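Trainee: I would like to learn how to read side-chain contacts. Please take me through a case.

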Amino acid sequence: MTVEDFAEQFPDEGQHVEWKLGSSGKKIQEAVVAFSNAEGGLIMIGVNNKGEIVGRPLDTGLEKDLWETIHEIESPGRVELAEVLVDGVRIAVISVAERRQGIAQTSDGRPLIRRGKQNLVLKGEQLRRLMRQRTLVSFDSSPSQWSIGEADPTLVDELCAALEIEPQEETDLSDALVQRQMAVRQGDGATLTNAGALYLVPEASQAIGKCYIELFRYQGGAQEYDQRVVVSGTPAQQVHHATAWIAEQIGIDLVVVGLSRHELPRLPTRAIREALANAVAHRDYQLSGSAVEVHVTPHGVEITSPGGLIDPITIDNLRTSHSARNRVIIKMLRHFGMAEDAGRGIRVILDEMADDLRAEPVFAEKTTGHVTVQLPIESPVAPEERAWVREQEVQGHLRAADRRVLIEAARGAELTNADVRSLLNVDSHKARQSLQRLRDAGFLEQDGIKGGARYRLARSIKPPTRVPLSRGERLSMVLRMANEGPLTNRFLRSQLGLSRFQVLDLLRELLKEGHLERRGAKRGTHYVIAESDPDH
């Protein structure tokens with residue numbers, strides 16, 4: 001625009017406009033919080049207090065600094081960055097939307113609100129009144145910019161199938177969506193709510209903000225990721241595709257016990273899916289500049305959800321309390337089979353990890369207002385021991401705690417009640433129950449009684465003797481398969497039960513030794529026996 005256009009549209013600072021010559025983090029925070037708690041507004045950087053254009057381009061450095069400042073705010077709401085050209089001079093603009101739910105606060109805990117040209121501290125009755133208003137309004141059940149007529153027909157069919165409804169005409173569909181808070185009546189028609197738009201309008205996730213999942217893969221001990229994947233689509237599609245991608249990256253452990261071959265996922269798929277569903281459903285969608293992030297390393301998976309925990313949930317009561325930020329979104333995920341029943345999500349993650357004899361997940365709330373869960377791949381139990389337990393369960397299902405006790409006995413330990421208390425971190429009663437269940441099922445033998453009782457592996461049960469394939473065996477298998485035809489990383493992962501990282505490590509060694517040659521590029525990459533291979 002021209003200088004004249006700018007002066008006409010923004011004649012002065014006021015309820016919806018603030019000018020900034022610089023980008024002081026404290027002042028930017030105050031303005032974002034104040035606009036978020038009021039009616040929204042524009043912060044223009046590179047304009048002095050007289051409204052004169054001085055200029056401040058939105059370059060990479062400024063953009064990074066601004067997002068860091070914004071992410072320090074507690075619940076800032078929807079924020080977007082843009083650049084405006086005024087007679088050839090660039091200025092940076094921060095657009096802040098009115099927050100519909102919750103209260104924004106600066107990083108030092110101050111709730112501010114815009115009143116004319118001022119950013120004032122909210123306190124007393126003013127603060128209580130705003131909190132009451134915001135509590136009554138939910139983002140996902142608020143009207144969006146799309147009408148029902150703009151819904152994608154394919155997505156409508158998928159939703160109707162998930163909901164098990166068969167609308168005969170558009171009025172039936174409107175009624176069904178309104179009933180489920182996926183739409184609201186407006187005049188003679190109906191408008192999709194934000195939840196309805198996320199499930200029925202393909203471009204909604206981009207228009208509302210970074211309403212998608214970003215997946216990052218790290219190889220070995222690398223600090224920088226080597227692959228980034230963006231998973232968009234409806235919330236259900238995001239959870240489904242991201243779960244499959246993560247499972248493919250971490251791979252499986254292939255273990256042979258006797259004549260049985262066991263393919264053991266390196267993390268329980270149900271736990272991954274539920275952690276993703278929680279992140280997608282309970283994230284703060286008004287933090288439009290942040291996506292759900294997933295970082296996959298050889299050691300585990302970390303999932304970060306934008307937005308802090310909501311009252312009355314805390315990290316300490318996370319396992320026993322339940323509250324939903326976006327009730328409609330999570331309810332629809334359940335209909336699609338992508339989430340558990342209300343209140344069971346965290347419990348399912350913990351139970352699945354325990355049943356799979358994995359280390360316990362770690363939940364944390366960051367000072368930046370984000371919630372993370374870490375799913376560790378490392379386990380105190382080796383893959384061959386997990387496979388061995390599977391073999392034993394032909395006699396009957398074992399509880400997760402009992403599996404752990406049985407493995408300790410299989411390692412040659414004579415177990416007392418005190419040993420099990422320490423192993424499982426439980427009281428004497430639960431330790432005794434575990435030992436007696438295993439004894440009664442024929443897994444353990446008991447010597448002595450009461451306080452002198454000791455338990456060992458039953459003589460009829462053979463402890464695990466087979467370990468996973470050695471590196472040499474894996475290399476030999478790769479060469480054997482290469483003699484039968486070209487190999488791809490995906491094919492080897494499926495055959496060896498390894499992660500992408502482990503397969504690449506084997507291929508690099510065989511390439512270095514001259515046994516294999518690499519052909520093609522990117523997705524067409526494959527490996528063949530080298531013509532000069534001395535063993536070919």
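**Salt bridges**

Mentor: Asp253, Arg266, Asp356, Arg358 and Arg386 are joined in a network of salt bridges. This is a predicted model: local features need pLDDT of at least 70, side-chain atom pairs count only at pLDDT 80 or more, and totals for chains, interfaces and linings use all residues. Residues are numbered from 1 along each chain as its sequence is written, and side-chain values use heavy atoms, with hydrogens and water left out.

Trainee: What is a salt bridge?

Mentor: Side chains of opposite charge can pair when their charged atoms come close. The rule here asks for a side-chain nitrogen of Lys or Arg within 4 Å of a carboxyl oxygen of Asp or Glu. The count comes to 31 salt bridges.

Trainee: Which residue forms a salt bridge with Glu18?

Mentor: Arg114 does, with the closest N and O atoms 2.3 Å apart. Glu18 lies in strand S1 and Arg114 in strand S5, so the pair ties together parts that are 96 residues apart in sequence. Strands (E, at least two residues) are DSSP runs, numbered from the N terminus.

Trainee: Is Glu18 buried or exposed?

Mentor: Buried means under 20% relative accessible area, exposed over 50%, partly exposed in between (1.4 Å probe, protein chains only). Glu18 is buried, at 6% relative accessibility. Arg114 is buried too, at 0%.

Trainee: Where does Arg283 lie?

Mentor: A charge sits over a ring if NZ of Lys or CZ of Arg is within 6 Å of the ring centre and within 35 degrees of the ring normal. Arg283 lies over the face of Tyr285, 4.9 Å from the ring centre.

Key. Helices (H or I, at least four residues) and strands (E, at least two) are DSSP runs, numbered from the N terminus.
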